[in-house]
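This report is meant as a first walk through the structure shown below. Please keep the sequence and the three-dimensional view at hand while reading.

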Amino acid sequence: MIIVKNATELQKVKRACELAAKALKLTGERICAGMSTRELDRIIREFIVKNGGKPSSLGYRGFKGSACISVNEELIHGIPSKKKILKDGDIVSVDIAANLDGWHGDNAYTFKVGKVSEKAERLLQITEECLYEGIKAALPGNRIGDISNAVQTYCENKGFYIVKKYIGHGIGRDFHEDPDVPNFGKAGKGPRLVPGMTICIEPMINSTTEEVKLLSDNWTVVEANGNLSAHFEHTIAITEGLPVILTKLN
């Protein structure tokens with residue numbers, strides 16, 4: 001069931017989104033070569049807790065981190081580890097969700113550690129552009145499929161590969177709500193977008209194949225050919241006019 005939020009509820013989602021976005025901004029300021037992904041996770045957790053929230057991911061279905069931190073060929077759901085040390089040239093997807101007063105906000109960004117390859121630069125550019133193509137299609141009266149198709153078309157026209165096994169989602173009181181928000185599909189299909197809906201659009205894109213593998217930890221998802229992957233995400237609200245990006249800081 002899709003839950004449409006009233007004005008008061010939208011403000012609560014927005015506050016959670018602002019906390020998640022500030023945590024992601026801090027991540028960008030602190031991430032560096034020589035740091036373990038567990039240390040980065042600690043910084044994220046302490047910031048969220050200090051500001052009155054809880055990391056939505058911590059303990060979710062048994063997940064052991066406060067954020068999903070995925071490096072290079074790791075697409076999503078990387079478990080923070082003291083053994084995983086970031087190095088110059090890495091790309092690092094950090095997916096942060098915050099629970100504030102029982103409401104959730106969710107966002108992700110793939111960061112560069114030092115100087116990265118031209119191949120990585122292009123992957124990050126196109127993946128982020130895919131996110132904004134999807135957001136532009138999130139207009140009242142459109143359907144979820146219009147978002148999905150916008151992301152897929154842009155990605156494939158640029159020569160990259162949409163991961164179809166994992167998708168975006170609704171968000172609110174629950175970390176994951178209806179509707180599903182795929183990054184692929186046909187325009188004009190799926191649930192209609194109405195003001196008050198809050199959804200997470202999150203393109204997950206591979207370099208050389210749409211196929212992925214699940215590692216033995218039963219969480220970390222990697223590009224099947226071992227090549228680079230990227231992931232960007234915003235939580236948005238459907239309005240009477242243009243969509244509002246709730247996880248975008250002013």
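## Helix H1 and what covers it

What covers the buried residues of H1? The model is a predicted one, and in it the cover over the buried residues of H1 includes helix H2, strand S4 (91-100), strand S5 (103-112), strand S9 and strand S14 (234-237). The buried residues themselves are Val 13, Ala 16, Cys 17, Leu 19, Ala 20, Ala 21, Ala 23, Leu 24, Leu 26 and Thr 27.

The length of H1 can be checked against a simple expectation: its 24 residues should span 34 Å at 1.5 Å a residue, and because its end C-alpha atoms are 35 Å apart, the two values agree.

## The crossing of H1 and H2

Helix H1, residues 7-30, and helix H2, residues 37-50, have axes that come within 10 Å and cross at roughly 145 degrees, and this crossing is right-handed. On the H1 side the meeting residues are Leu 19, Lys 22, Ala 23, Leu 26, Thr 27 and Arg 30, while H2 brings Leu 40, Ile 43, Ile 44, Phe 47 and Ile 48. Sorted by class, the contact between H1 and H2 has 8 nonpolar, 1 polar and 2 charged residues.

In soluble globular proteins, nonpolar side chains tend to be buried together. The largest nonpolar core here has 30 residues, of which Ile 147, Ile 199, Ile 201 and Ile 236 touch the most other members. Helix H3 (118-136), helix H4 (144-157) and strand S9 (198-201) each supply at least two residues of this core, and H3 gives the most to it, with 7 residues. A second, separate core of 28 residues includes Ala 23, Ala 67, Leu 100 and Trp 103.

Helix H3 has 19 residues and reaches 27 Å from its first C-alpha to its last, close to the 27 Å expected at 1.5 Å a residue. Buried in H3 are Ala 120, Leu 123, Leu 124, Ile 126, Thr 127, Cys 130, Leu 131, Gly 134 and Ile 135. As for Ile 199, when residues up to four places away in sequence are not counted, its contacts are Ile 144, Ile 147, His 169, Gly 170, Pro 179, Val 181, His 234, Thr 235, Ile 236 and Ile 238.

## A cis peptide bond

Pro 179, one of the residues that Ile 199 touches, is found in strand S8, residues 177-181. The peptide bond that joins Asp 178 and Pro 179 is cis, with an omega of about 5 degrees.

## Val 222 and its surroundings

Val 222 is found in strand S12, residues 221-223, and it counts as buried because its relative accessibility is 8%, where buried means under 20%. Leaving aside neighbours within four places in sequence, Val 222 is in contact with Glu 73, Glu 74, Leu 75, Glu 211, Val 212, Lys 213 and Leu 215. The C-alpha atoms of Val 222 and Val 71 are separated by 9.3 Å, although these residues are 151 residues apart along the chain.

## Two loop residues with positive phi

Asn 72 lies in the loop between strand S2 (68-71) and strand S3 (74-76), and it has a positive phi of about 60 degrees although it is not a glycine. Asp 101, in the loop between S4 and S5, is likewise not a glycine and has a positive phi of about 55 degrees.

Are these two residues buried or exposed? Asn 72 counts as buried at 15% relative accessibility, whereas Asp 101 counts as exposed at 56%.

Notes. Residues are numbered from 1 along each chain as its sequence is written. This is a predicted model: local features need pLDDT of at least 70, side-chain atom pairs count only at pLDDT 80 or more; totals for chains, interfaces and linings use all residues. Side-chain values use heavy atoms; hydrogens and water are left out. Axes are lines fitted to C-alpha atoms, for helices over the stretch in contact, and angles run from 0 to 180 degrees between N-to-C directions. Helices (H or I, at least four residues) and strands (E, at least two) are DSSP runs, numbered from the N terminus. A crossing is left-handed if the near helix is turned anticlockwise from the far one by less than a right angle, and right-handed if clockwise. Contact means heavy atoms within 4.5 Å. Ala, Val, Leu, Ile, Met, Phe, Trp, Tyr, Cys and Pro count as nonpolar, Asp, Glu, Lys and Arg as charged, and the others, Gly among them, as polar. A nonpolar core is a set of buried Ala, Val, Leu, Ile, Met, Phe, Trp, Tyr and Cys residues joined through side-chain atoms within 4.5 Å. Buried means under 20% relative accessible area, exposed over 50%, partly exposed in between (1.4 Å probe, protein chains only). The expected span of a helix is 1.5 Å times one less than its number of residues.
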